[in-house]
Amino acid sequence: MKTIYLDHNATSPPNKEHLSELFAKLTVCSGNPSSPHSLGREASVALTEARRFIANALGVDIAEIIFVSGGSEADNLGTVGVLKQNNVPLKNQHVITSSFEHPAIREPLENLKNTEGLKLTFLSLENSGYVSLIEFIKNLTTETTVVTLMAANNEIGTIQPVKKIGDYLHYKRWGILVNPNDKEEFDDLSLKYLNPDISKESLQKMHFHVDGVQAFGKINSQEWLSPGTDSCAISAHKLGALQGIGVLFLRRGRKFKPFILGGAQEKNRRAGTENLPGIVSLGLIARDLFAPEANVKRKNMDILRRKLYEGIQKLPHIEMNSPIENVIPNTVNFSVTGKGFKGEDLLVELDMQGVCASSGSACSSGANLPSKVILALGKTPELAKNAIRLSLSTNTTEEEIEMTLNLLKKYLAR
């Protein structure tokens with residue numbers, strides 16, 4: 001039976017070509033990057049090369065790339081690490097985030113709220129799952145020290161206006177417009193909604209972190225990473241690289257309190273011998289992300305996503321959770337409705353027929369609870385519990401999409 005893998009937002013397995021190139025490269029750079037001998041130097045060169053590939057893909061400086069264990073660690077460092085670096089009691093700090101962030105953002109912040117009195121504001125969603133620049137500005141206070149938002153949602157795929165928010169902050173902090181056409185809008189919004197007690201200096205000190213785990217590699221970084229972004233998280237295994245490696249991009253001059261001590265690796269910001277296989281793997285993926293053929297593959301993937309979306313939308317007992325526009329080009333989320341239909345039963349049926357899918361965030365799987373993302377859209381717990389996510393890769397074929405639609409049609413026609 002043919003396996004159709006449609007769970008790439010959880011993990012996108014490495015293909016044979018990538019693994020072959022990776023293992024060939026590792027045979028000549030298998031030492032410890034911190035060692036002074038020839039094998040160590042070769043490993044250090046490979047590490048630096050990967051760091052350069054990733055920095056180029058993000059459009060940032062190579063010194064701003066910090067290797068960590070994955071997206072969750074990067075998100076924790078870009079939020080909790082920054083809060084603890086401020087040397088201000090957490091009860092006197094305020095964080096703005098959204099009501100449908102990944103658990104790697106939401107849970108650490110809620111823990112600090114419950115244990116240390118951190119002030120925490122969750123922006124509500126509007127227009128089918130998007131945060132609003134106006135609501136962001138309205139909720140800024142003189143105590144706001146961290147703002148953290150995801151660039152693209154891991155469950156429904158919506159692309160958030162983090163670029164516009166970062167551009168707004170860049171203008172208010174430094175008087176620099178990324179897009180000159182935004183000046184009139186930004187000035188008007190500031191006049192109407194920005195607390196006049198908030199100074200330019202406090203905005204300059206405030207840290208803007210973006211969870212870029214689902215956006216990186218699926219949409220151009222220029223579309224979501226702003227000069228006003230102070231840090232962002234990316235993860236290797238969402239793009240066909242090895243698991244267990246991620247990156248925190250940290251803007252020059254910004255700091256966080258390290259979680260792991262005991263070595264000078266990553267310029268004393270993350271102790272421990274670097275995961276060289278994972279780093280080289282991610283570097284190879286980043287190297288190829290924006291080649292002309294890669295852009296063609298992403299466009300073809302989006303065509304298949306639209307075909308899948310439109311096919312599912314026509315089926316009975318379906319309510320769509322993802323919009324069709326302004327989403328990453330690989331994600332479709334829907335809920336099954338009606339008596340006798342359950343999301344978990346459909347997942348089992350798909351699995352038995354060789355289709356790998358999921359109910360949402362892999363970091364929350366197994367709990368059998370309603371999706372917090374779908375609840376944040378204002379939908380019922382029943383719909384949130386019966387949500388299904390299908391996520392494609394650039395290697396997904398039209399035949400696989402047609403087979404999946406036929407299986408869904410057969411199941412829902414019972």
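Reply: The protein exposes about 18100 Å², of which carbon and sulfur atoms supply 51%; accessible areas come from the Shrake-Rupley method with a 1.4 Å probe, and for residues only the protein chains shown count as cover. This is a predicted model, in which local features need pLDDT of at least 70 and side-chain atom pairs count only at pLDDT 80 or more, while totals for chains, interfaces and linings use all residues. Residues are numbered from 1 along each chain as its sequence is written, and side-chain values use heavy atoms, with hydrogens and water left out.

Of the 414 residues, 54% count as buried (under 20% relative accessible area, with a 1.4 Å probe and protein chains only).

The largest pocket holds about 840 Å³ of space. A pocket here is an open set of points on a 1 Å grid over the protein atoms alone, where a 1.4 Å probe fits, with protein on both sides within 12 Å along at least five of seven lines; lining residues have an atom within 4 Å of a point. The volume is the space filled by probe spheres set on the points, which are joined across faces, edges and corners.

The lining comprises 33 residues, and Asn15, Leu239, Ile285, Thr394 and Asn395 are the closest to the centre of the pocket. Helices α1 (16-26), α10 (276-288) and α11 (292-313) each supply at least two lining residues, and α11 gives the most, with five. Helices are DSSP runs of H or I, at least four residues long, numbered from the N terminus.

How values were computed. Buried < 20%, exposed > 50% of the residue type's maximum accessible area, 1.4 Å probe, protein only.
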